[in-house]
Amino acid sequence: MEQSTLFAYKIFLNAALPLVKVIATDIPNLKAKFEGKSCVFQVSALAPTMPDGKVATHFLLENGEWTVAADKVHAKPDVELQFSSIEKFVDFFKGNMMALPKMKGVGKNFGMFTAFMGVLMKMSGLLGAKKAPEDQETKVLLVKAFFYLLSSGISALNKNGHEEIKDWTSKSPDRVYSWAVNGHPEVSAYLRIKAGNSRAGRGEYKRAMPFFTLRFDSLDSALGILMSTDDMMDATKAGRLIMDGAPEFGAQLGAFMLTVGGFAK
């Protein structure tokens, strides 16, 4: 397997697919479809050399409550989208709709299957949007999704041996890097690194002040950078982007954000 494919599928399993829970719980009309329901959903790709013969991320829905099991195979999911290879899995999540999965459990769980597909389609539409949404609720959701994707994506690359990111974390003392928007603590995310280890987290890091925070003055400013419609240097000069810490760490974090985006597109 090419290294770029390894990094891509690890980002999709550990950073992108877990956003299913965010979409399914933050959008009221989608949330209603799962209230009181129980089901095991799985997205997988066949991989004969792996211990389970496949790789997967699965979701436990228990009485309407979601639990994400990232990069973990469930032996008997109720609903499963199974790709014939990791390469097809990566192609599909990069937008190749010809790389379709085998759909398992549809007949017995048609209602849950269609609801789950609705969440996946909504997630795809949000992350693939070319311009920022106009309504406040969707802006909040999209910034949150991007922050979670980036923090988890950088951590996934570190854990799977990305050379530059691993070098960065291996030389680092215990530090927390975070993403934030003024007035919107609900979209915050962080990444804690120390001596080669990394852990992504959702929400504000409250045990201590983060070592560095990439802070935006508004949701629109955040989306400008996240959707690549604004320049980081211009945004910093204009005060749309505030670097709480030394600027060189902002440039470093920004480069790793682009690295995650490159593997996910």
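Biologist: Which residue stands opposite A180?

Modeller: This is a predicted model, in which local features need pLDDT of at least 70 and side-chain atom pairs count only at pLDDT 80 or more, while totals for chains, interfaces and linings use all residues. Residues are numbered from 1 along each chain as its sequence is written, and side-chain values use heavy atoms, with hydrogens and water left out. Strand 6 (residues 175-181) and strand 9 (residues 212-216) pair in the parallel sense over five bridges, where strands (E, at least two residues) and helices (H or I, at least four) are DSSP runs numbered from the N terminus, and two strands pair if DSSP finds at least two bridges between them. The residue in strand 9 that stands opposite A180 is R215.

Biologist: In what order do the five strands of the open sheet lie?

Modeller: The pairing in this open sheet is mixed, and its edge strands, each pairing on one side only, are strand 8 and strand 10 (241-244). Read across the sheet, the order of the five strands is 8-7-6-9-10.

Biologist: At about what angle does helix 10 run to strand 9?

Modeller: Helix 10 lies across strand 6, strand 9 and strand 10, contact meaning heavy atoms within 4.5 Å. Axes are lines fitted to C-alpha atoms, for helices over the stretch in contact, and angles run from 0 to 180 degrees between N-to-C directions. On that basis, the angle between helix 10 and strand 9 is about 75°.

Biologist: Which element gives the most to the lining of the largest pocket?

Modeller: A pocket is an open set of points on a 1 Å grid over the protein atoms alone, where a 1.4 Å probe fits and protein lies on both sides within 12 Å along at least five of seven lines, and lining residues have an atom within 4 Å of a point. The largest pocket is lined by 35 residues, and among those nearest its centre are F146 and K265. Elements that give two or more residues to this lining include helix 1 (3-16), helix 6 (136-159) and helix 10 (247-264). With eight residues, the element that gives the most is helix 10.

Biologist: And which element gives the largest share of the lining of the second largest pocket?

Modeller: The second largest pocket is lined by 18 residues, with N14, P18, A70, S152 and A200 nearest its centre. Two or more residues come from each of helix 1, helix 6 and strand 8 (197-202). The largest share, six residues, comes from helix 6.
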